[in-house]
Amino acid sequence: NLYEDYMFRVAIITSLYKAEKYLKSFLDNITKQTVFDQCGLYLINGNSPENEYEIVAPYVRKYDNIYYQVLKEDPGIYGCWNLAIERSDSEYITNANVDDRLFPSCIEKHINLLDQEQDIDVAYCYNFESHVPNTDPMMLRGTQRLFSTNEFSVENMLIGNLPHNHPVWRRSLHDQFGYFNTEDYVSASDWDFNLRCAIGGVNMKLIHEVLGVYYKNPEGVSTKAENMERNLEEVDVIRQKYQQTVQQQ
């Protein structure tokens, strides 16, 4: 098996900045993943002014597959992700946002799909949408609001970032399509990367199951009110750029 050449099946990449109020709940949640023993959790602290280390330290001592690094300056979310990808050693990668939550079987079901369907390179799922921080997924029921997503197609990807907040993808995509663009985008570089992949012929697949909780964080990089003008401008720039690329193909 190819994955036997790697240290882990999955690298879980997480950026930390002013994360204290979410971090213990996040760590309790992520370590309950059914395949956590096959994962490496890479926590990159972008020079946060808070004391995340006190929360992280007991988990680092308990789990030998959790890696914590503090940077001297903040490179932004995508800079932290790029560094985590470079530092990690795994067949698959997923990002786990410190304010979102996963059902216990989430990562396992994503990698099962990728294991079974070699023509699929990115797996993603349905998510509940929450306006309450640190929501326990196991306390939610089917009447909860779903975050909008859709079946994969290039056309649908041009409407919005279908994989959204915690897809699992093959590491090999970075060899072919590069890393997350930190030069041009602050909040939408994952959509830019996913569009690069989609237009480049990558197949993605939606798992028809709710496996995560997306917290619509009023203080989040992509959702904070004072960032909206910049964020919408990024969305417009990306959409126009790739619509032109599709038209030229």
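How many aromatic pairs does the structure hold? It holds 12, where rings of Phe, Tyr and Trp (its six-membered ring) pair if their centres lie within 6.5 Å, with planes under 30 degrees apart counted as stacked, over 60 as edge-to-face and the rest as tilted. Before you click, note that this is a predicted model, in which local features need pLDDT of at least 70, side-chain atom pairs count only at pLDDT 80 or more, and totals for chains, interfaces and linings use all residues. Residues are numbered from 1 along each chain as its sequence is written, and side-chain values use heavy atoms, leaving out hydrogens and water.

Select W81 and F180. Their ring centres are 5.2 Å apart with the planes at 70°, so this pair is edge-to-face. W81 sits in helix α3 (residues 76-87) and F180 in the loop between α6 (172-177) and α7 (189-199), so the pair ties together parts 99 residues apart in sequence. Helices here are DSSP runs (H or I, at least four residues), strands likewise (E, at least two), numbered from the N terminus.

F193 belongs to helix α7, 13 residues from F180. Are they buried or exposed? F180 is buried at 6% relative accessible area, and F193 is buried at 2%; buried means under 20%, exposed over 50%, partly exposed in between (1.4 Å probe, protein chains only).

Now widen the selection: Y78, W81, W169, F180 and F193 form one aromatic cluster.
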